[in-house]
Amino acid sequence: QVQLVESGGGLVQAGGSLRLSCAASGSIFSINNMGWYRRAPGKQRELVARITSGGSTNYADSVKGRFTISRGNAKNTVYLQMNSLKPEDTAVYYCHADLVATTGRADYWGQGTQVIVSS
């Protein structure tokens with residue numbers, strides 16, 4: 001059983017910072033891409049940032065220069081450092097992993113963590 005567990009969301013004023021964490025656990029053979037998506041109220045889920053096993057990253061245009069994605073030394077964790085937060089960053093943030101487990105390769109999602117940015 002594979003699980004992605006997120007932490008680090010919360011309420012912050014505009015201009016502030018938050019750091020999201022996500023840890024993958026279970027019968028995992030390898031992890032390819034990990035990333036963060038978000039769903040704002042009334043909007044579709046969108047990619048925020050992604051990092052490959054080789055360390056390549058890509059970001060949504062709206063967060064470039066403000067957010068930084070990174071992976072932990074154990075490679076089963078991913079972080080999202082969010083700086084200069086804006087009210088439009090308010091959303092539920094979901095961790096995603098493309099990985100190979102005992103059941104084969106599949107996409108896995110965390111339960112989501114709420115980020116609220118007040119103006």
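Good morning, colleagues. Please keep in mind throughout that the structure shown is a predicted model.

I begin with the secondary structure. The chain contains eleven strands and zero helices.

Next, the dimensions and the surface. Along the principal axes, the C-alpha atoms fill a box of roughly 45 × 25 × 20 Å. The chain has an accessible surface of about 6200 Å², and carbon and sulfur atoms account for 45% of that area. Of the 119 residues, 41% count as buried.

What share of the contacts between residues at least 6 apart in sequence joins residues at least 24 apart? The share is 55%.

As for charge, the chain carries 12 positive and 7 negative charges, and their mean positions are 3 Å apart.

Let me now turn to strand β1, which spans residues 3-7. In a regular strand, side chains alternate between the two faces of the sheet. In β1, L4 and E6 form the covered face, while Q3, V5 and S7 form the uncovered one.

Which strand is joined to β1 by five bridges? That strand is β3, residues 18-25, and the two run antiparallel. Q3, on the uncovered face of β1, has S25 in β3 as its bridge partner.

Thank you for your attention.

Technical notes: Residues are numbered from 1 along each chain as its sequence is written. This is a predicted model: local features need pLDDT of at least 70, side-chain atom pairs count only at pLDDT 80 or more; totals for chains, interfaces and linings use all residues. Side-chain values use heavy atoms; hydrogens and water are left out. Buried means under 20% relative accessible area, exposed over 50%, partly exposed in between (1.4 Å probe, protein chains only). Helices (H or I, at least four residues) and strands (E, at least two) are DSSP runs, numbered from the N terminus. Two strands pair if DSSP finds at least two bridges between them. Contact means heavy atoms within 4.5 Å. Accessible areas come from the Shrake-Rupley method with a 1.4 Å probe; for residues, only the protein chains shown count as cover. Lys and Arg count as positive and Asp and Glu as negative; His and the chain ends are not counted. The place of a charge is taken as NZ of Lys, CZ of Arg, CG of Asp or CD of Glu.
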